[in-house]
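Work through the following exercises with the sequence and the structure at hand. Each task is followed by a stepwise solution.

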Amino acid sequence: GGTRVLELDILDLPEWTPLDYSIIVCLFVLEHVPDPYKAIRNIAEMLLNGGYLLLGAPFVDGIHACPNDYLRYTPAGLKYLAES
């Protein structure tokens, strides 16, 4: 147990990245990632089999670059991305 919080580049995971999470929370991140498919693959790699991903991204929201804002997702779009 316990809680671990990591801040890392989801597109370029360091070799030391733990691959044993039972839950990952990823809120308001994917709209800032130029390659969301790679990001989701990396998240899936970090999850244990049967693990959970709490995923959220804006649909109707103004541009909020920090530093970049690339995409918006519908619920069906997020589901498709997560299942890909």
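Two strands pair if DSSP finds at least two bridges between them; helices (H or I, at least four residues) and strands (E, at least two) are DSSP runs, numbered from the N terminus. The model is predicted, with local features needing pLDDT of at least 70, side-chain atom pairs counting only at pLDDT 80 or more, and totals for chains, interfaces and linings using all residues. Residues are numbered from 1 along each chain as its sequence is written, and side-chain values use heavy atoms, without hydrogens and water.

**Exercise 1.** Describe how strand E1 pairs with strand E2.

Step 1. E1 (residues 21-27) and E2 (residues 47-56) run parallel and are joined by 6 bridges.
Step 2. Among the partners, Ile23 is bridged to Tyr52 of E2, and Val25 to Leu54 of E2.

**Exercise 2.** Describe the packing of H1 and H2.

Step 1. The axes (lines fitted to C-alpha atoms over the stretch in contact, with angles from 0 to 180 degrees between N-to-C directions) of H1 (residues 36-46) and H2 (residues 75-83) come within 9 Å and cross at roughly 55 degrees.
Step 2. H1 is therefore oblique to H2; angles under 35 degrees count as roughly parallel, over 145 as roughly antiparallel, 65 to 115 as roughly perpendicular and the rest as oblique.
Step 3. Pro36, Tyr37 and Ile40 of H1 meet Tyr80, Leu81 and Ala82 of H2 in the contact (heavy atoms within 4.5 Å).

**Exercise 3.** Which residues does Leu13 contact beyond four places in sequence?

Step 1. Leu13 lies in the segment before E1.
Step 2. Its contacts there are Leu8, Asn42 and Met46.
Step 3. Leu13 and Asn42 are 29 residues apart along the chain, with their C-alpha atoms separated by 7.3 Å.
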